[in-house]
Amino acid sequence: MLNIPQLLATEFNLKPHQVQNALELLAEGATVPFIARYRKERTGEMNEVQLRDVFERYTYLTELAERKAVILNAIAEQGKLSNELKAKISSCLQKTELEDLYLPYRPKRRTRATIAREKGLEPLAEFIKSLNIKNAATASLEGAAANYVAESQGIKTPQEALKGAADILAEEVAEKAELRAYLRDYFLAEGIFVSQIKKDYPEGTTKFEMYRNYQMRVRNIAPHNMLALCRGEAEKVLNYEIAFDEDLVLKYLESKEIKNKNPIIRDFYQAILKDAFNRLMKTSIMSEVISEKTTYADMESIKTFEANLRELLLSAPAGMKPTLAIDPGFRTGCKVVVLDQTGQFLEYQGVFPHQGAEQRAKAAQTIKNLIAKYHIELVAIGNGTASRETDEFVGEVLQNMDCKPIKVIVNESGASIYSASKVAIEEFPDLDITVRGAISIGRRLQDPLAELVKIDPKSIGVGQYQHDVDQKLLKKKLDETVESCVNYVGVDLNTASKELLTFVSGITPTVANNIVAHRNEHGVFKNRRQLLRVAKLGPKAFEQAAGFLRIRGGDNILDNTAVHPESYPVVEAMAADLNVPLNQVTQVAAKLKNINLKKYVTDGVGEPTLRDIVRELEKPGRDPRAEFKYATFREGIKEITDLQPGMELEGIITNVANFGAFVDIGIHQDGLVHISQLADRFVDNPQKIVKVGQLVKVQVLEVNEKLKRISLSMKAVKQS
């Protein structure tokens, strides 16, 4: 059997001990963020991406090994396990290859071939095969078949006997692993996806119009096109198939299977091969190819979703400052809430600035009073209905005030999902659903990560064909992304919600609940060691979580850093050598830079960890996210009807897909910058040019009011 750690080391160009140590840490219950951050010496500084790739491949190979054992045992029980077959099965590295090898021995439903065997026609099939292999000069197939005529078996003529033998031989050919592998590769390399819109849908009546007479090589089809074909077929709008050269395929099969030059044998085998291909191979192999391309498209789509989600979660926070949050509306008015510098809800007011001059003046006074009363520093305005009108109104209010908080339009995707969720109901049981939505809008301006973790990522609006991909895989990958982001930034132990705590390394939902309950009962945590008093949070969970949890203003200055408690003695030694008190060690950055790290190396702490410690002490409690910036939308542009080709606008990237990027330019409909319009050079991946949350300048190329489509370009506008 395969040495999986050694194979992984070879595949990922790593050293065997790196892989072995990483696998051991995983088996011990360590999380990927913990291993990547605090066990660099054991893994040779493998990062999170490397670790997840290795662990995924390990899972695949482990499952493959388990399947091999089942298959080897099943074939051995049939008495058909040769040394050659055993070697092939033991060495294969792909599940498809393994199942091809098992196919001839797999228990199957009653087929035409099994019926022929039941009638005693297998010897006739073997005889015909021998004639082919020996390249016999003469052959009388009907003469040989006459010996198998038996009315009791339902074989009335030699032709019926030959037909049964042909069924047996066709099934044997169809189950040959090497032939199936060739055909699969051929369809992947040379096949062409062809689609047509169904006659029920006249031209111009469907969103799948580009697939009306679509052709694309299987090997070249883009992931989003593959997923669109699948969706179109699922919605019964279009049909698609793989076109190929059948003559070429049959000639290949003949070259591999026909050994005899005798016309009788050749003709008989040509008929067998055509039947084997069309009846037993074509449909199943095409399905495998489509499945492979769909799986690839799923993975690429999920990767895009992961990248977009990461950028969104790591969006720069405006900061934990007193905030006025507004969920805009025309008829139902604007819901206005006040949040303090910790994100706590303080007050709610409903205002109606878009219902006449009297109501507008009243709303303005309410806004002024709230800003003055709570010393508001941020104003968050949701980007839904009435957003630009409300933004304009708030701008008018602020013009006449000495105190001018920063005013930002906030993407409210998913806020309504949160406001109706169990999480929101538990958090604000006495508040209306619309008020909860306004709170979410304000909090995601203060700290996007802390608020967005409460919402199912699929509801945030940064995916691509997210409902068409493998949902189980999508959830796994998005959860990993959230976990990675949360632990990368770190979490304030004394303000974090249980939803945020759940994504901290080593913290389960139960333990997260217990942390919040402990905090509510006993007050804020003064040091990390107090975590061990939390119910069900044992030493292992403490080891995994402690370094990612921050305590501001606690007993130990190191508790507000990413330095793990296990390394506190090292920092204490550094402070002693520098002749400074421990609580001042973060104030002597210049001295820390000149320290001799080799002096502090131990069996458990090497130079990689020591370098991390010094970097953390130089900037304790720093937020690794970028500096906060926000878009300024052009005045007077509120609806799609306000747009004209040639206009230059500022916007913010809301979603990146394989085919381009969507930009919020301050109206209700995002515009699309096609991949060809992202830059003055060829772009193979939009993620290399733009990221979710990035501020960009665009030019309007085309506006289709009927379809609500806006085409934009970044090529013609100089980016700042």
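Modeller: A helix here is a DSSP run of H or I with at least four residues, numbered from the N terminus. Take Leu-101: this residue is found in helix 7, residues 95-102. The model is predicted.

Biologist: How many helices and strands does the protein chain have?

Modeller: There are 28 helices and 15 strands. The C-alpha trace spans about 110 × 70 × 50 Å along its principal axes. Of the 720 residues, 50% are buried. Of the contacts with a separation of 6 or more, 65% join residues 24 or more positions apart.

Biologist: Back to Leu-101: is this residue buried or exposed?

Modeller: Buried means under 20% relative accessible area. Leu-101 has 11%, so it counts as buried. Beyond its neighbours within four places in sequence, Leu-101 is in contact with Lys-88, Ile-89 and Ala-177.

Biologist: What is the relative accessible area of Phe-393?

Modeller: Phe-393 has 3%, so it is buried. The residue is found in helix 17, residues 387-399. Leaving aside neighbours within four places, its contacts are Pro-353, Arg-360, Ala-363, Ala-364 and Ile-367. Sequence separation is another thing to read: Phe-393 and Gln-6 are 387 residues apart along the chain, and their C-alpha atoms are separated by 65 Å.

Biologist: How do I check the length of helix 22?

Modeller: Helix 22 covers residues 471-489, 19 residues, so it should span 27 Å; its end C-alpha atoms are 27 Å apart, which agrees. Now look at the ends. At the start, a side-chain oxygen of Asp-470 comes within 3.1 Å of the backbone nitrogen of Lys-472. After the helix comes Gly-490, with a positive phi near 90°.

Biologist: Which residues does the salt bridge of Asp-612 involve?

Modeller: A salt bridge needs a Lys or Arg side-chain nitrogen within 4 Å of an Asp or Glu carboxyl oxygen. The structure holds 58 of them. In one of these, the side chains of Asp-612 and Arg-37 meet at 3.2 Å, N to O. Asp-612 lies in helix 28 (residues 607-618) and Arg-37 in helix 3 (residues 32-38), so the pair ties together parts 575 residues apart in sequence. Asp-612 is buried at 6% relative accessibility, while Arg-37 is partly exposed at 22%. Arg-37, Lys-40, Asp-612 and Arg-615 are linked in a salt-bridge network.

Biologist: Where do Glu-235 and Lys-207 lie?

Modeller: First the distance: their side chains meet in a salt bridge at 3.9 Å, N to O. Glu-235 lies in the loop between helix 13 and strand 3, and Lys-207 in the loop between strand 1 and strand 2, so the pair ties together parts 28 residues apart in sequence. Glu-235 is partly exposed at 38%. Lys-207 is exposed at 55%.

Biologist: Which side chain of opposite charge is nearest to Asp-327?

Modeller: Lys-335, 6.1 Å away. Asp-327 is buried yet has no salt bridge. The residue sits in strand 4, residues 323-327. Its contacts beyond four places in sequence include Gly-333, Cys-334, Lys-335 and Glu-412.

Biologist: Which residues does UniProt list for the S1 motif?

Modeller: The unreviewed entry gives residues 646-715 for "domain: S1 motif". In the model this span is 0% helix and 49% strand, and its end C-alpha atoms lie 12 Å apart.

Technical notes. Residues numbered from 1 in each chain as written. Predicted model: local features only at pLDDT ≥ 70, side-chain atom pairs only at ≥ 80, totals over all residues. Heavy atoms only, no water. UniProt positions renumbered as here; feature names shortened; annotations may be inferred. Helix = DSSP H or I, 4+ residues; strand = E, 2+ residues; numbered from the N terminus. Buried < 20%, exposed > 50% of the residue type's maximum accessible area, 1.4 Å probe, protein only. Lys, Arg positive; Asp, Glu negative; His and termini not counted. Contact = heavy atoms within 4.5 Å. Expected span 1.5 Å × (residues − 1). Polar contact = N/O pair within 3.5 Å; in protein donor to acceptor, adjacent residues only side chain to side chain.
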